[in-house]
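Reader: I have a chain to go through before I set anything up. Can you show it to me and then take my questions?

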Amino acid sequence: TPAKIQTLAAILKEKGYQMSVAMNGKQALDVLARGQPDLILLDVMMPDMDGYEVLKRLRSRSETADIPVIFLTALDSAEDEKHGLQLGAMDYITKPIRAPILLARVRTQLELKQARDLMREISSAAHVCGDPGLQYDTTINRWNPVKNSGRINASNPCSEYMHVDDSACNLASLNLMKFRKADGSLDVKR
């Protein structure tokens, strides 16, 4: 209902999120034709076209296939949740919506999207410059021939040289562990 949508919008706006609102599945697809959001909150039960069908259409189009979707719905059976997740929803929240749960899951999905976007950019840049790719923290440190010198923070793609103690080179591969926060999430703004 419009009142529930306004309540939901107020919760999100209070935390600084910007949004576009659609009242049914067709409107949602029309809104998406005008711009790509970072996240979609989608009800399953809507007039004209249900959320499952909207999600199927989103996943079938390259420009919307990777947008994370969270279902917000009164359908609370395990089978409904399983179906939504199998269609490609990133999360499934049942009504009544509790603001702290909604905000935590929205934040998590936005952080994951930022991390995926960052990895896509890194991958693309590595491909363009001929870098064979990122090296994993565990691998480069397992190969460290001088373990008493400390952790390896960066190495070149071919491991011809290693740098320790926070030094770096513009040819060095990126050690993503340097961007990991204490809680395990990725610091995409650093």
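Reader: Where does the model come from, experiment or prediction?

Author: This is a predicted model.

Reader: How many helices and strands are there in the chain?

Author: The chain has six helices and five strands. Read from the N terminus, the elements go α-α-β-α-β-α-β-α-α-β-β.

Reader: And what percentage of the residues is buried?

Author: Of the 190 residues in the chain, 31% are buried. As for contacts between residues at least 6 apart in sequence, 45% of them join residues at least 24 apart.

Reader: Sheet next. What is the strand order, and is the pairing parallel or antiparallel?

Author: The order is β1-β2-β3 in an open sheet of three strands, and the pairing is parallel. β1 and β3 (91-94) are the edge strands; each has a single partner strand, so one side of each has no neighbour in the sheet. On average, neighbouring strands are turned by 20° against each other, direction ignored.

Reader: Which helix packs on that sheet?

Author: Helix α4, residues 78-87, packs there and touches β2 and β3. The direction of α4 makes about 150° with that of β3.

Reader: Over how many bridges do β1 and β2 pair?

Author: Three bridges, in the parallel sense.

Reader: Now the largest nonpolar core. Which residues have the most contacts inside it?

Author: Ile40, Leu42, Val54, Leu55, Leu58, Val69 and Phe71 have the most contacts inside this core, which has 16 residues. Two or more residues each come from α2 (25-34), β1 (40-42), α3 (51-60) and β2 (69-73). α3 gives the most, with four residues.

Reader: What does Leu55 touch, leaving aside its neighbours within four places in sequence?

Author: Leu55 is in contact with Leu42, Val69 and Phe71, and also with Gly84, Leu87, Gly88 and Ala89. There is also a second, separate core of 10 residues, which includes Leu8, Ile70, Leu102 and Leu103.

Reader: Switching to Gln109. Where is it, and is it buried or exposed?

Author: Gln109 is in helix α5. With a relative accessible area of 6%, Gln109 is buried, because the cut-off for buried is under 20%. Not counting residues up to four places away in sequence, Gln109 touches Leu39, Pro68, Ile70 and Met90.

Reader: And Thr64, buried or exposed?

Author: Thr64 counts as buried, at 0% relative accessibility. Thr64 sits in the loop between α3 and β2. Apart from its neighbours within four places in sequence, Thr64 contacts Gln36, Arg57, Leu58 and Arg59.

Reader: Which elements supply the lining?

Author: At least two residues each come from α1 (2-14), α2, β1, α3 and α5 (99-128). α1 has the largest share, seven residues.

Reader: Back to the backbone. Which peptide bond is cis?

Author: The bond from Lys95 to Pro96 is cis, with omega near 5°. Pro96 lies in the loop between β3 and α5.

Reader: What is phi of Asp48?

Author: Phi of Asp48 is near 75°, a positive value in a residue other than glycine. Asp48 lies in the loop between β1 and α3, and at 71% relative accessibility Asp48 counts as exposed.

Reader: Last one, Met49: buried or exposed?

Author: Met49 is buried, with a relative accessible area of 12%. Met49 lies in the loop between β1 and α3. Leaving aside its neighbours within four places in sequence, Met49 is in contact with Gly25, Lys26, Leu29, Val54 and Arg57.

Methods: Residues are numbered from 1 along each chain as its sequence is written. This is a predicted model: local features need pLDDT of at least 70, side-chain atom pairs count only at pLDDT 80 or more; totals for chains, interfaces and linings use all residues. Side-chain values use heavy atoms; hydrogens and water are left out. A nonpolar core is a set of buried Ala, Val, Leu, Ile, Met, Phe, Trp, Tyr and Cys residues joined through side-chain atoms within 4.5 Å. Buried means under 20% relative accessible area, exposed over 50%, partly exposed in between (1.4 Å probe, protein chains only). Contact means heavy atoms within 4.5 Å. Two strands pair if DSSP finds at least two bridges between them. Axes are lines fitted to C-alpha atoms, for helices over the stretch in contact, and angles run from 0 to 180 degrees between N-to-C directions.
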